[in-house]
Amino acid sequence: MVCENLTHEQFVEELGDFDPARIRFLTCQDVDDEMAAGREILQELVEYAAGFEREDVPVSELVIGMKCGGSDGLSGITANPVIGRVSDMLVARGGTSILTEVPEMFGAEDILLSRCRTSEVFDEAASMLNGFKDYFIRHGEVVYENPSPGNKAGGITTLEDKSCGCVQKGGAAPIDGVLGYGDRIQTRGLNLLCGPGNDLVSATALAAAGANIVLFSTGRGTPFGSAVPTCKVFTNTALSERKPGWMDFNAGVVADGERTIDEAAADLFHRVIAFAEGEKTVSERAGYRGIAIWKDGVTL
């Protein structure tokens, strides 16, 4: 940290309660060699972490985030419904899932709002959706910049077309909570999170909300990896054959007639558990890991 607009003291005050054994600070101007001081702190943290032991926890403690990027005409037919069934399977076991990308809910609002468990959750969800539309209007952004050129090349025709596929990642479970950007999970079950469609910004928000794993569906392909294990779910077999180094799971088997949606979902659920137990995703093995913050101005 440096002393300009964000001081150490201000950051600690706004952070609130924290464990000093897990969170450490370094003010570069207070030491002669900030690199050496940083290495010393990192070594202390490594030694602290080395004292941890793995232990069994129930699947009800798992939190998955759901995200799509580089969607194509099969996204709403294969990968997104399969992810939705995985979400339902986890929620049925007492776990938690998070659906974000508010601009890609536009046109499919009724599908989501009709599933809110209480009137309070309904009001919060409606406020989130309308608030994002107001955000676009304030910045003079045209909503129909979405879908992207890549989406259209892949077979998606309209925003409603894209949205109806996108919301399928939320399965059929009731919506139990609504989170603002930067909020942490408070309620088990299916939650909506306010965030843009941008891959890295929304995946970072999912991680910040408490997601242990992000299920990322794509029909066009991407080497993308977020701050938490990111499981890439491909929509079609042709892409899986062309880019196996980007793929964790091929939902194209549904379109091929080799597996039903339920069968593919059961297969993916087992992969999710394996990743939760420590198996590395392709992006982790490749060292792809990034974060991005929602900046002022328009982020689709």
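1. Residues 24 or more positions apart account for 69% of the contacts in the protein chain that have a separation of 6 or more, a contact being heavy atoms within 4.5 Å. The model is predicted: local features need pLDDT of at least 70 and side-chain atom pairs count only at pLDDT 80 or more, while totals for chains, interfaces and linings use all residues. Residues are numbered from 1 along each chain as its sequence is written, and side-chain values use heavy atoms, with hydrogens and water left out.

2. Overall dimensions. Along the principal axes, the C-alpha atoms fill a box of roughly 60 × 45 × 35 Å. Of the 300 residues, 46% are buried; buried means under 20% relative accessible area, exposed over 50%, and partly exposed in between, with a 1.4 Å probe and protein chains only.

3. Secondary structure and sheet. The protein chain contains twelve helices and seven strands, where helices (H or I, at least four residues) and strands (E, at least two) are DSSP runs numbered from the N terminus. The seven strands form an open sheet with parallel pairing, in the order β3-β4-β2-β1-β5-β6-β7. β3 (175-179) and β7 (249-250) stand at the edges with a single partner strand each, so one side of each is left without a neighbour in the sheet. Two strands pair if DSSP finds at least two bridges between them.

4. Strand β5 and its partners. β5 (residues 213-218) is mostly covered, with six of its six residues buried. Ile-213, Leu-215 and Ser-217 are buried on one side, and Val-214, Phe-216 and Thr-218 are buried on the other. Strand β1 (residues 63-68) runs parallel to β5 and is joined to β5 by five bridges; Lys-67 stands opposite Phe-216. Five bridges, again in the parallel sense, pair β5 with β6 (residues 230-234), and Thr-230 in β6 is the bridge partner of Val-214.

5. The β6-β7 pairing and Thr-237. Two bridges pair β6 with β7 in the parallel sense, and Phe-234 has Asn-250 in β7 as its bridge partner. Asn-250 is also touched by Thr-237, as are Gly-252, Val-253 and Asp-256, not counting residues up to four places away in sequence. Thr-237 lies in helix α9 (residues 237-242) and counts as buried at 17% relative accessibility.

6. Leu-206. This residue belongs to helix α8 (residues 199-209) and is buried, with a relative accessible area of 0%. Leaving out residues up to four places away in sequence, Leu-206 touches Gly-65, Met-66, Lys-67, Ile-98, Thr-100, Leu-193, Ala-211 and Val-214. The C-alpha atom of Leu-206 is separated by 9.1 Å from that of Arg-184, 22 residues apart along the chain.

7. Ser-87. Helix α3 (residues 79-92) holds Ser-87, which is buried with a relative accessible area of 0%. Apart from its neighbours within four places in sequence, Ser-87 is in contact with Ile-64, Met-66, Ser-97, Lys-169, Gly-170 and Leu-190.

8. Backbone at Glu-101. Most residues other than glycine have a negative phi. Glu-101, although not a glycine, has a positive phi of about 70°. Glu-101 lies in the loop between β2 (96-99) and α4 (109-113), and it counts as buried at 0% relative accessibility.

9. Largest pocket. About 500 Å³ of space lies in the largest pocket. A pocket is an open set of points on a 1 Å grid over the protein atoms alone, where a 1.4 Å probe fits, with protein on both sides within 12 Å along at least five of seven lines; lining residues have an atom within 4 Å of a point. Grid points are joined across faces, edges and corners, and the volume is the space filled by probe spheres set on the points. The lining comprises 14 residues, with Arg-54, Glu-55, Val-57, Ala-276 and Glu-277 nearest the centre. Seven lining residues are nonpolar, one is polar and six are charged; Ala, Val, Leu, Ile, Met, Phe, Trp, Tyr, Cys and Pro count as nonpolar, Asp, Glu, Lys and Arg as charged, and the others, Gly among them, as polar.
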